[in-house]
Amino acid sequence: MKKFALIILIAVIAVVALFAPGIYRRNFTVTIPQYAAMEAKPAWLDQQWTPQQRDWFHHADQGTQTFGIPYEWFIALEQPALSLSSPGLFSDTAYLDRYGFIPAWADPGNSDLPIGFAHGGRVEEVSGETLLNPQTKKPMTSLGLTCAACHTGRFTYQGKTVLVDGGPALTNIQKFQQAIGLSIIYTRWVPGRFTRFADRVLGPGASDDAKAKLHAQFMDVYKQVTDVHNLENSVKDHTIEEGFTRLDALTRIGNTVFALDIDHHENFLGYSAPVHYPRIWNVSWFEWVQYNGSIQQPMTRNAGEALGVRATVNFPVAKDQLPTSSVQVDTIYELEQQLAGPEPPTAHNHFTGLASPKWPEKILPPIDTQLAAKGAALYKSHCAGCHLPATSDPEFWSAPQWLPANDVGERYLNLNMIEISHVGTDSAQAADMKQRNVSIPTTLGIKDQNGNVVTTATFGDALRQLVTTVVNRWYDIHNTPPAQRDKMNGFRPDGVRALLAYKARPLNGVWATPPYLHNAAVPNIYALLSPVAERPKTFYLGSREYDPVHVGYQTADFSGAFKFDTSLRGNSNSGHEFNNGSGQGIIGPLLAPEERLAIIEFLKSM
């Protein structure tokens, strides 16, 4: 009877696919591009990292369990295509590349996983017990995303692939999450698929008892997947598609930590303010980070990010006991140190950590030096006031935004925060963080300004306190002395704020970071320097081919591309405008087309 019911289900889906293809595509498939295979030896730009440093950064385990399944399950799942035979493994390199994850062979260490995937820790069940393979009794291995998944850029030009450490990734995490969920659902319902899954996980000749235990483990995950799917459906009217190069990271962190981890589903919100993955070179030396300048301490930023991509926190905890977590605080510190470099930045040393990429003239057309010289003067007149002079300019190193050196001789850049009422860009990211509150159990110990434990708090302050608690618990367990704690925290307090403003950071390497504005709403720099009326109202993201003239990706439609609609809240391409007149969003005079190209040429040289 059960087999007959499954056959009927498959038949129903087949009828839907035939007569209602739109419904079928939205609910039973994941539409993603089909790209040409990447060459075996792509070009890595020289950014002051050795191949060994690069490889470690690409796969360092922060303690995350992003997909809710162990590594052994991930490599056993099949692609989410409706088929009674195997459609191919989900972990196939070419398949993962379609979501934007850079294949393993691009790495000098040749991991079996794409750049940005990390595995190696143990997987814990809800009870805190280690998840074991029911047949072999060996611990299952964790699998999660690390920094490089969202912060490794790529582009192609005339058949050559260029990879950029610290650049914004050209990934579609939202589609990838949907595909994982659909793969698990198909494994549950499509005849023969769980049997093949179990054979891969347990090995040949597994006992009936082991298969039954694996099925029970799998059904727990299946329930979690369907619960999240139902939550996302409940807020879909307030969600916009993130697409390639973007993620609503702060909302996702809040949903993970304050809705899923503590089982307060009323805290689950729609993804309403996706932002472009930021470039991360030099950020270790910024006093405040995030587009809205909301987080001060490097450890708070990075541990919060780890929690957002599903590092575990063990709740509830006994009275007066701090929660434990899978967050690897020592690894997070080492990642930050590699970004920062061995010495503080100075006018003599410049930035000694991850460097911004230089325009690769052996791959891209050479810079027009005469045009760039004209652009330098225009940049000084129209851009440097907010974004500071070029980092190669001595005036950058004496800028008043540099704070006085602290007790250990380090100084940080307190970058200009430009109020949205002036710059006129989309307000959703800053406004939504400022307005978000979360309900929380008293066991978390979140306190108000008077030291009273509360059950409602602003999202930013609740996250700050929780992350600090988790990190301090790690310090306590490892007997970390106070001086070392200060060092690992970046010699900065765990400040959090929610301004209605966006940060204007230096533009070194900006040529390698399309699309533009904090929400990726402008496809190239030429459009950014143009009046809003001349910017495209819709365009397509997902192409990897670089446009060296306008500086951005090609934006024509193709199968699987993400259509970017700037009329939606969160997607506005308004503001940061050079135009005649005055008013909100106009920050400078109208630039002639040749002036725009001159500024672009200078930006290529930065």
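**Notebook: cores and helix packing**

I began with Leu603, which touches Tyr379, Leu507, Val510, Trp511 and Ile525 when residues up to four places away in sequence are not counted; touching, or contact, means heavy atoms within 4.5 Å. I noted that this is a predicted model, in which local features need pLDDT of at least 70 and side-chain atom pairs count only at pLDDT 80 or more, while totals for chains, interfaces and linings use all residues. Residues are numbered from 1 along each chain as its sequence is written, and side-chain values use heavy atoms, with hydrogens and water left out.

**Entry on the cores**

Of its 78 residues, Phe57, Phe155, Tyr379, Trp511, Ile525 and Leu603 touch the most other members. Helix H20 gives the largest share of this core, 5 residues. A second, separate core has 46 residues, among them Met140, Ile180, Leu182 and Leu202.

**Entry on H12 and H20**

Next I followed H20 (residues 593-605) to helix H12 (residues 369-382), and found that the two pack at an angle of about 95°, with their axes 7 Å apart. Helices are DSSP runs of H or I with at least four residues, numbered from the N terminus, and axes are lines fitted to C-alpha atoms over the stretch in contact, with angles from 0 to 180 degrees between N-to-C directions. H12 and H20 are therefore roughly perpendicular to each other, a term for angles of 65 to 115 degrees. The contact includes Leu378 and Tyr379 of H12 and Phe602 and Leu603 of H20. By class, this contact of H12 with H20 has 10 nonpolar, 1 polar and 4 charged residues; Asp, Glu, Lys and Arg count as charged, Ala, Val, Leu, Ile, Met, Phe, Trp, Tyr, Cys and Pro as nonpolar, and the others, Gly among them, as polar.

**Entry on Asn255**

Not counting residues up to four places away in sequence, Asn255 touches Leu260, Asn267, Phe268, Leu269, Tyr271 and Arg436.

Conventions:
Parallel < 35°, antiparallel > 145°, perpendicular 65-115°, else oblique. Core = buried A, V, L, I, M, F, W, Y, C linked by side-chain atoms within 4.5 Å. Buried < 20%, exposed > 50% of the residue type's maximum accessible area, 1.4 Å probe, protein only.
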